[in-house]
Amino acid sequence: MLKLEHVTKYYEDFRAVNDLSFEIHEGEIFGLLGVNGAGKTTTFRMIMGLLDITEGEITLDGKKIDYGMSDKIGFLTEERSLLPSKTVLEQVIYYGVLKGMKPKEIEEKLDKYLKEFGIEDYKNKKIKELSKGNQQKIQFITSIIHEPKLLILDEPFSGLDPINVEIFKKEILRLKKNNTIIIFSSHMMDHIEYFCDSLVILVKGEAILQGKLTKIKEDYKRKNIKVIADLDKEEIEKIDGVVSVDKNKEEYTIKVHDNDVVPLVFKKISKCKRVEKFVVEAPTLNEIFISKVGESYEK
């Protein structure tokens with residue numbers, strides 16, 4: 001288990017992270033979210049032992065993380081950290097040896113991953129000869145080649161087309177099944193919803209929202225009603241508790257404050273001559289993120 005207890009980090013007088021606590025168990029994928037400058041990168045670096053903590057404690061399986069535990073951690077950074085003049089094989093062996101692996105074992109696993117990612121012919125190509133997407137594949141391979149206990153993924157799908165995103169998803173879920181602890185960070189909220197059971201949202205180093213995704217959605221009272229009908233938009237907007245009514249092609253999205261407003265909307269819609277769809281949905285994580293982060297900046 002990875003555990004953060006009341007972690008705070010100062011850079012001189014600037015407080016980058018304040019009193020942050022959460023825990024992630026084996027086989028869990030945890031979302032760490034926030035706008036740029038929210039404290040995510042600082043948190044990653046403290047977890048990996050690259051930055052000293054000002055206050056608090058971070059442990060992996062009850063032990064403080066230090067250089068001796070580096071072979072248990074994998075990190076896919078948002079920025080490229082590959083050596084452009086090295087071949088793919090040289091690059092992956094370099095990282096694998098740093099993680100305590102033998103070159104022969106590394107090459108065998110690399111061959112497997114290259115085949116899985118459809119780039120077997122790139123084994124002896126230099127990194128600088130690869131496209132952005134293929135460089136991302138190699139960077140991903142270097143982060144998981146040693147089957148880490150803890151894996152940090154920062155914008156893992158950057159530069160990937162939809163087909164390769166699916167390949168990455170499959171591999172991430174395999175790691176989860178093998179009990180890897182995974183921290184997932186992305187600005188694409190649909191990816192967070194797909195992978196993460198729990199999450200924390202940071203604003204200026206503070207956790208403004210955290211917990212199980214299902215509970216977060218449940219506590220966020222607003223609902224979306226998807227409707228296809230011959231309705232009078234202005235009449236729906238007059239209903240007390242209706243936040244907005246938007247139309248995309250034939251479908252209306254009616255946002256309401258809470259479940260109590262749904263029957264009022266249904267009563268009005270049921271009187272329409274044509275009703276083809278009336279579906280009540282929970283808000284998306286993207287809506288919740290924008291709302292909560294916006295509220296924090298307004299305080």
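Helices (H or I, at least four residues) and strands (E, at least two) are DSSP runs, numbered from the N terminus. With that in hand, welcome to a predicted model, in which local features need pLDDT of at least 70, side-chain atom pairs count only at pLDDT 80 or more, and totals for chains, interfaces and linings use all residues. Residues are numbered from 1 along each chain as its sequence is written, and side-chain values use heavy atoms, with hydrogens and water left out.

**Confidence**

- The protein has a mean pLDDT (the predictor's confidence in each residue, from 0 to 100) of 94, and 99% of its residues reach 70 or more.
- Strand E1 (residues 2-11) has the highest confidence, at a mean of 98, while helix H10 (residues 285-298) has the lowest, at 83.
- As a reminder, where pLDDT is low, the predicted coordinates should not be read in detail.

**Helix H4**

- The 13 residues of helix H4 (residues 132-144) reach 19 Å from the first C-alpha to the last, close to the 18 Å expected at 1.5 Å a residue; the expected span is 1.5 Å times one less than the number of residues.
- In H4, 12 of the 13 residues are buried, where buried means under 20% relative accessible area, exposed over 50%, and partly exposed in between (1.4 Å probe, protein chains only).

**Nonpolar cores**

- The largest nonpolar core has 47 residues, of which Ile138, Ile141, Ile172 and Phe184 touch the most other members; such a core is a set of buried Ala, Val, Leu, Ile, Met, Phe, Trp, Tyr and Cys residues joined through side-chain atoms within 4.5 Å.
- Helix H5 gives the most to this core, with 5 residues.
- Another core of 25 residues lies apart from it, with Met46, Met69, Ile181 and Ile183 among its members.
- Ile138 is in contact (heavy atoms within 4.5 Å) with Leu82, Val88, Val92, Leu114, Ile119, Ile127 and Leu130, leaving aside neighbours within four places in sequence.

- Gln91 sits in helix H2 and is buried, at a relative accessible area of 0%.
- The Gln91 side chain reaches the backbone nitrogen of Leu83 at 2.5 Å.
- Not counting residues up to four places away in sequence, Gln91 touches Leu82, Leu83, Lys86, Ile127 and Thr142.
- Ile167 belongs to helix H5, and its C-alpha is separated by 7.9 Å from that of Glu116, 51 residues apart along the chain.
- Glu116 and Phe117 are the residues that Ile167 touches, not counting those up to four places away in sequence.

**Loops with positive phi**

- Most residues other than glycine have a negative phi.
- Glu12, although not a glycine, has a positive phi of about 55°; this residue is in the loop between E1 and strand E2 (14-24) and counts as exposed, at 80% relative accessibility.
- Glu147, also not a glycine, has a positive phi of about 50°; its place is the loop between H4 and E7, where Glu147 is partly exposed, with a relative accessible area of 32%.

**Cysteines**

- The whole structure has 0 disulfides, a disulfide being a pair of cysteine sulfur atoms within 2.5 Å.
- Cys196 is buried at 4% relative accessibility, and Cys272 is buried with a relative accessible area of 18%.

Conventions:
A polar contact is a pair of N or O atoms within 3.5 Å; within protein, one must be able to donate a hydrogen and the other to accept it, and residues adjacent in sequence count only if both atoms are side-chain atoms.
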